[in-house]
Amino acid sequence: MPRNRSLSVRSKKDNVSTATGGSSSAPKHRFTMASLRGVAQPELSKKLFKIIKSENHVIGAYESASRERISIASQLSDWGEATSDESISDISDKLGVLLSEIGEQEDVFAQNLEDYRGVLKQIRNTESSVQPSRDHKAKIGDEIAKLKYKEPTSTKIVQLEQELVRAEAQNLVAEAQLTNITRQKLKEAYDLHFAATIERAEKQIMLARHGRRLLNLLDDTPVVPGDTRPAFEHASQARQILNDAEEDLREWTPNLEPIPSLATNMGVNLMPAQTGTGTAGTNVSGQEELPAAIEAGSITSEPSYTHDISGGSTIAQPKHTSSYQQAA
């Protein structure tokens, strides 16, 4: 067979679950103690935490859809074989191959959504690290207001006002870091999301078009009782259609409008890099400092994501290939 690509899904039927049983492998997303973290989330990051958690369920649904689609493809092939109709048997088996590949694209999409979700987490972590700064500034302001009401002449008021100045300065830096990382990572996250959506759609459209080509090979001319249908004469054409589908998937490349980023000069402290000093940044008091998010341990100086939006085109290549591409 060309390029060692299987032209049938029937050889896999012993390894594919039934439609009711699901896959023998456990789903990737399970309930853990981490599911309880939402209860203790800072107010600032609660909404994004909920989005990220909901996306986790969406990813699980796409993975489940992938498994079910592959299972149904195998069932369709088995049914066609059981009809004892040569034409239906051959066409249904080839359709099963294409439907199975469509199911694989759902899994690829789910994997790409994991990347997008990981970028959103970086915004959430920064929000979580900024909340204590806001709370500290508000607490000092409340204490000053209480003292001015109860003890207007207290010497502690001056001390608290000085502490409030420092707290406001620290919060000013934290808020700037938050808006910088939020804008950059929002663009990056949804660049990944929409690029993955377009990839899935375009590949599934290609596969669906080849599926329609297969249907054109099936003669549905009615027969009267006693007539014998002619032998199926399009086996080679059906194989060629699968080869064409394989070739189309292999040659597919993204053709998307770039999403440029102006955040190329942002330093390790999530602030604009100072001219001539690389990534060094200063706080409002003129002292060099690390960002609050890094000090809190929620963001590292070397992000773990693999996608870069700083160099013009931001479309990441798929992390793994389809079964057609693997065969190549």
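The UniProt record, in an unreviewed entry, places a coiled-coil region at residues 157-184; such positions follow the numbering used here, and annotations may be inferred rather than shown by experiment. In the predicted model, residues 157-184 are 100% helix and 0% strand, with end C-alpha atoms 40 Å apart. Helices are DSSP runs (H or I, at least four residues; strands are E, at least two), numbered from the N terminus. Residues are numbered from 1 along each chain, and the model is a prediction in which local features need pLDDT of at least 70. Side-chain atom pairs count only at pLDDT 80 or more, whereas totals for chains, interfaces and linings use all residues, and side-chain values use heavy atoms, without hydrogens and water.

Helix α2 comprises the 65 residues 86-150 and should span 96 Å at 1.5 Å a residue, the expected span being 1.5 Å times one less than the number of residues. Its end C-alpha atoms are 94 Å apart, which agrees.

The axes of α2 and helix α3 (residues 156-215) come within 8 Å and cross at roughly 170 degrees; axes are lines fitted to C-alpha atoms over the stretch in contact, and angles run from 0 to 180 degrees between N-to-C directions. The two helices, α2 and α3, are therefore roughly antiparallel (an angle over 145 degrees). The contact of α2 with α3 has 30 nonpolar, 16 polar and 19 charged residues.

R67 lies in helix α1 (residues 46-82). The C-alpha atoms of R67 and G103 are 6.9 Å apart, although the residues are 36 apart in sequence.

Technical notes:
Parallel < 35°, antiparallel > 145°, perpendicular 65-115°, else oblique. Nonpolar A, V, L, I, M, F, W, Y, C, P; charged D, E, K, R; others polar.
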